[in-house]
Amino acid sequence: VLAWDDNLENADLCWLIDNHKLGYLIGEYAAKWINEKLGGKAKVAILNYPQLPILLQRGNGIKEAITKGAPNAKIVAETSAINPAEGISKMETIFQSNPNVKVVGCIGAGGSVGANESAKAANKITDDFGIFAADATQPELLAIKNNEGIRMSVTITGTNKVIAEKVWEMVEQLASGKPIEKKEVYREMIPVTKENVDEYLTK
């Protein structure tokens, strides 16, 4: 049994994400943006999903990194958003109560894509407005490429082709019958920004 992103007890091999580390990486990029673009001070919103323990870890990592890296920034809103529809509606509510939010940390692409659409509709996209997330889906990458609100998203392992190749390597390893030396294998995290987005956009 090959387990994807879940450390199952009865699996032979588990391909995992360190979710706290992933969240912390998102938060580090957000904090860097706050320091470079906003003089270290900003109102920040977090779109998390504490209903799932792994995403709670990710959201906590985002908050910790922002608090440490940009201590003068203020997290003014935290709310749950797992898909674009929720991202749009939750971000609309945030903008109503905190119109000066400049930075949004998201646990995944659903929230970030929705937040980006909401920011575009509210004319909030400026050179110092930034959304930081994970998954690096094609809509996120297009937004990065087009200089919209999304400024960085972490891809896990790489392109779909690279992911497929890695999975096949593990399947072959399991099929060979050779002993598995290390059951828990953690996936690589690659931040995608405007500088390297073309490497990951589907041609």
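## Helix 3 against helix 4

Contact here means heavy atoms within 4.5 Å. By that rule, Pro84, Gly87, Ile88, Met91, Glu92 and Phe95 in helix 3 meet Gly110, Gly111, Val113, Gly114, Ala115, Glu117, Ser118 and Ala119 in helix 4. Split by class, this contact has 7 nonpolar, 5 polar and 2 charged residues (Ala, Val, Leu, Ile, Met, Phe, Trp, Tyr, Cys and Pro count as nonpolar, Asp, Glu, Lys and Arg as charged, and the others, Gly among them, as polar).

## Where the model comes from

This is a predicted model, in which local features need pLDDT of at least 70, side-chain atom pairs count only at pLDDT 80 or more, and totals for chains, interfaces and linings use all residues. Residues are numbered from 1 along each chain as its sequence is written, and side-chain values use heavy atoms, leaving out hydrogens and water.

## The chain as a whole

You get 6 helices and 9 strands in the protein chain; these are DSSP runs numbered from the N terminus, with helices being H or I of at least four residues and strands E of at least two. Of the 203 residues, 47% are buried, meaning under 20% relative accessible area, with exposed set at over 50% and partly exposed in between (1.4 Å probe, protein chains only).

Take the contacts between residues at least 6 apart in sequence: 75% join residues at least 24 apart. Along the principal axes, the C-alpha atoms fill a box of roughly 60 × 35 × 30 Å.

Alanine 136 sits in the loop between strand 6 (130-134) and helix 5 (138-145), and is buried at 10% relative accessible area. Not counting residues up to four places away in sequence, alanine 136 touches Leu141, Ser153, Val154, Thr155 and Val192.

Asparagine 123 lies in the loop between helix 4 and strand 6 and is exposed at 68% relative accessibility. Threonine 157, in the loop between strand 7 (150-156) and helix 6 (160-175), is buried at 7%.
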